[in-house]
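Subject: Structure for you to look at

Hello,

Here is the structure I said I would pass on. Please open it first, then read the notes below with it on the screen.

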Amino acid sequence: MNICILGLGYVGLPLAVSLSRHYNVTGFDVNAQRIKDLKNANDLTKEVPSSVLVESSIHYSDTQTSLENQDVYIVTVPTPVDSQNKPDLSLLVNACQMIGPFLKPGAIVVFESTVYPGVTEDICGKELEKSSKLTSGVDFFLGYSPERINPGDKVHTVDKITKVVAGQNPKVQEVLKTIYEKVTKVFLAKDIKTAEAAKVIENAQRDINIAFMNEITMIFDRLGISTYDVLEAAKTKWNFLPFTPGLVGGHCIGVDPFYLAECAKLVGVNPEVILAGRSVNDGMGPWIGERIHKKLGHKLSNILVLGLTFKENVPDLRNTKVIDVIRTLEGFGHKITVVDPIADSNEAEKYYKISLEALEKLSGFDCIVGAVSHEAFYHFSSKDFERLGKPGALIVDVKKIWNKNLIPSHQNYLSL
Ligand SMILES: NC(=O)c1ccc[n+]([C@@H]2O[C@H](COP(=O)([O-])OP(=O)(O)OC[C@H]3O[C@@H](n4cnc5c(N)ncnc54)[C@H](O)[C@@H]3O)[C@@H](O)[C@H]2O)c1
């Protein structure tokens, strides 16, 4: 069986590697540089080690003719939101338009990109019909299997996550089950819309729970109580949900709820809870920035921000909310220095006009903000704080990764 994966990013590449152990896999990406890097066994997302890429049999390509003669297409292209936070399905539609002319009778097109219920059949299916002149459900078939991988997570890897799989009819479902079962455990969803809905609510649920944590953090700050101390006590109840406050960035949890909200609006339901969660979480960066400014007694300071990526141990800078903290502090007039040993310095410059500095060269800051818990920061010792912070410096531990006792007694510790 020939399988073609469109989009070799965080989702597509690990899947392509796993499937290539069992099938002829073509990995197609429109980004020529990405293809060049992968041919050189270099994965900039750091999800797949070079040693694994060297051994993989994937045929990498950025030319559309490689979409010919494929039995199954798996689409893993981005599904972002636009400047109005509305779903931007243009990359998905574009992928369908690329596949269409090469679609042969009997082929299956599976979507893994996160969408809202109805997109696979009502939007992608129609687009494939238009560009192939074939009929969906008759000449070619659709499937949907949401991706659940968690970038940077070396425990819940693609082979250990139960894969929800749905096909347009029972026969397609069986074919897809056979394929995905080569890689991991499979759960067959009732139909495509159910599988689409399952994925989008997983992330929306997480977003709402974190929003609750962020809102109580704002309340407890006014009351002079530490949220983490409160959580320590509350989680001793058997059914307390162990979420923590923080910045919600990236292109899944901070984006997918807008897909669900759009779907709600399309069917005439006002997605109050979903959008309230988004609004609280999007307000967290500025809130943290204001809180730091207040704790510094409104005194203009030299501030070191540790971490810029959207989450720990991942190089992805897209939609990072650390930038909201930085911009808020800059808005008050503070001077900001940013260190991130994992992020690509060219990307930091390109996306945010931030020039990343090397930690070893730095010392003597008025304030240190631990914004992302990269491993390099996790293992800080008292000596690191002594060198990086002046006497009296404010140490802000956004992710509560440091033991308070590590902070020299002449410095001040602040967490959420
Ligand atoms: N990153 C995650 O943790 C994660 C987890 C679960 C689900 N998802 C979902 O999976 C999808 C992909 O996310 P990602 O993080 O892998 O994105 P990504 O940006 O890392 O990778 C997507 C790749 O698709 C390529 N691409 C764009 N248009 C294309 C086309 N027409 N044909 C071929 N390639 C094309 C891009 O060049 C890029 O390399 C999104 O819908 C996302 O919401 C992501």
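Helix H4, residues 90-99, gives the largest share of the shell around the ligand, with 3 residues. Please keep in mind that this is a predicted model. In total, 26 residues surround the ligand. The closest are Val 11, Asp 29, Thr 79, Pro 151 and Arg 318. Sorted by class, the shell holds 13 nonpolar, 9 polar and 4 charged residues. Domain 1 (2-191) and domain 2 (199-281) each supply at least three residues to the shell.

A polar backbone atom of Gly 7 lies 3.3 Å from a nitrogen atom of the ligand. For Tyr 10, a polar backbone atom is 3.1 Å from an oxygen atom of the ligand. For Val 11, the distance from a polar backbone atom to a ligand oxygen is 2.8 Å. On its own the ligand has 830 Å² of accessible area, and the protein covers 93% of this.

Helix H1 covers residues 12-19. Is this helix enclosed or open? It is largely enclosed by the rest of the structure, because 8 of its 8 residues are buried. These are Gly 12, Leu 13, Pro 14, Leu 15, Ala 16, Val 17, Ser 18 and Leu 19.

Now the cysteines. How many disulfides are there? The count is 0. A disulfide needs two cysteine sulfur atoms within 2.5 Å. The cysteine sulfur closest to that of Cys 4 is in Cys 96, and it is 13 Å away, so the two are too far apart for a bond. Cys 96 is in no disulfide either; the sulfur nearest to its own belongs to Cys 124, at 4.1 Å. Cys 4 is buried, with a relative accessible area of 0%. Cys 96 is also buried, and its relative accessible area is 0%.

Pro 117 is partly exposed, with a relative accessible area of 23%.

Regards

Conventions:
Residues are numbered from 1 along each chain as its sequence is written. This is a predicted model: local features need pLDDT of at least 70, side-chain atom pairs count only at pLDDT 80 or more; totals for chains, interfaces and linings use all residues. Side-chain values use heavy atoms; hydrogens and water are left out. A residue is near a molecule or strand if one of its heavy atoms lies within 4 Å of it. A polar contact is a pair of N or O atoms within 3.5 Å; within protein, one must be able to donate a hydrogen and the other to accept it, and residues adjacent in sequence count only if both atoms are side-chain atoms. Accessible areas come from the Shrake-Rupley method with a 1.4 Å probe; for residues, only the protein chains shown count as cover. Helices (H or I, at least four residues) and strands (E, at least two) are DSSP runs, numbered from the N terminus. Ala, Val, Leu, Ile, Met, Phe, Trp, Tyr, Cys and Pro count as nonpolar, Asp, Glu, Lys and Arg as charged, and the others, Gly among them, as polar. Domain bounds come from an automatic or database domain assignment. Buried means under 20% relative accessible area, exposed over 50%, partly exposed in between (1.4 Å probe, protein chains only).
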